[in-house]
Amino acid sequence: MKRDTFTELPHSPEAQDAVLGTLLSTPEALHWVGDLDAGHFYDPFNAAAYRAIQAVAATGRAFDTIQVYEQMRAADPAIDASAMGALTEVSFWHLSEAKF
């Protein structure tokens with residue numbers, strides 16, 4: 001049996017967006033992701049967004065797109081206003097608990 005050789009790791013931008021969108025629209029879904037870590041995200045922006053979600057959630061504060069954007073800016077001042085638009089777009093991707 002021949003093993004495939006990947007030049008890059010397999011990834012799905014849509015799946016990443018769906019996870020982040022679900023978290024942004026349904027913050028209580030954070031417990032659904034189990035041991036998911038920012039390092040599991042292929043896209044650096046998505047990894048930064050997930051780290052921001054974890055950081056805000058760790059404070060006990062509710063998080064939304066604005067809170068996540070502000071946390072991303074605090075962690076990396078190079079993040080600009082376009083990140084807010086990207087987070088808003090991602091927030092429209094949803095998974096439902098019924099699918100689990």
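Among contacts in the chain between residues at least 6 apart in sequence, what share joins residues at least 24 apart? The share is 51%. The legends below describe close-up views of a predicted model.

View 1. The chain holds four helices and zero strands. It has 100 residues, and 28% of them are buried. In this predicted model, H1 spans residues 13–25 and H2 spans residues 44–58. H3 covers residues 65–75, and H4 covers residues 82–90.

**View 2. The largest nonpolar core contains 20 residues.** Five residues have the most contacts inside this core: Leu20, Ile53, Val68, Met72 and Leu87. Helices H1, H2, H3 and H4 each give two or more residues to the core. H2 gives the most, with six residues.

**View 3. Ile53 is one of the residues with the most contacts inside the core.** Residues up to four places away in sequence are not counted here. Beyond them, Ile53 touches Leu20, Leu23, Leu24 and Leu30, and also Phe63 and Val68. Two of these partners, Leu20 and Val68, are themselves listed among the residues with the most contacts inside the core. Ile53 also takes part in the contact of H2 with H3.

**View 4. Tyr50 sits in helix H2.** Its relative accessible area is 2%, so Tyr50 is buried. The cut-off for buried is under 20%. Val19 is 31 residues from Tyr50 along the chain, yet the C-alpha atoms of Tyr50 and Val19 are separated by 9.3 Å.

**View 5. Helices H2 and H3 cross at roughly 105°.** Their axes come within 8 Å. The angle therefore makes H2 roughly perpendicular to H3. On the H2 side, the contact is made by Phe45, Ala48, Ala49, Ala52, Ile53, Ala55 and Val56. On the H3 side, the contact residues are Gln67, Val68, Gln71 and Met72. By class, the residues of this contact divide into nine nonpolar, two polar and no charged.

**View 6. Helices H3 and H4 pack at an angle of about 140°.** Their axes lie 10 Å apart. H3 and H4 are therefore oblique to each other. The crossing is right-handed. H3 makes the contact through Thr65, Ile66, Val68, Tyr69 and Met72. H4 contributes Ala83, Met84, Leu87 and Thr88. The contact of H3 with H4 has seven nonpolar residues, two polar residues and no charged residues.

**View 7. Thr65 lies in helix H3.** Is Thr65 buried or exposed? With 13% relative accessibility, Thr65 counts as buried. Leaving aside neighbours within four places in sequence, Thr65 is in contact with Leu24, Met84, Leu87, Thr88 and Ser91. Met84, Leu87 and Thr88 are also among the H4 residues in the contact of H3 with H4.

Methods. Residues numbered from 1 in each chain as written. Predicted model: local features only at pLDDT ≥ 70, side-chain atom pairs only at ≥ 80, totals over all residues. Heavy atoms only, no water. Axes fitted to C-alpha atoms, helices over the stretch in contact; angles between N-to-C directions. Parallel < 35°, antiparallel > 145°, perpendicular 65-115°, else oblique. Left-handed = near helix turned anticlockwise from the far one by under 90°. Contact = heavy atoms within 4.5 Å. Nonpolar A, V, L, I, M, F, W, Y, C, P; charged D, E, K, R; others polar. Core = buried A, V, L, I, M, F, W, Y, C linked by side-chain atoms within 4.5 Å. Buried < 20%, exposed > 50% of the residue type's maximum accessible area, 1.4 Å probe, protein only.
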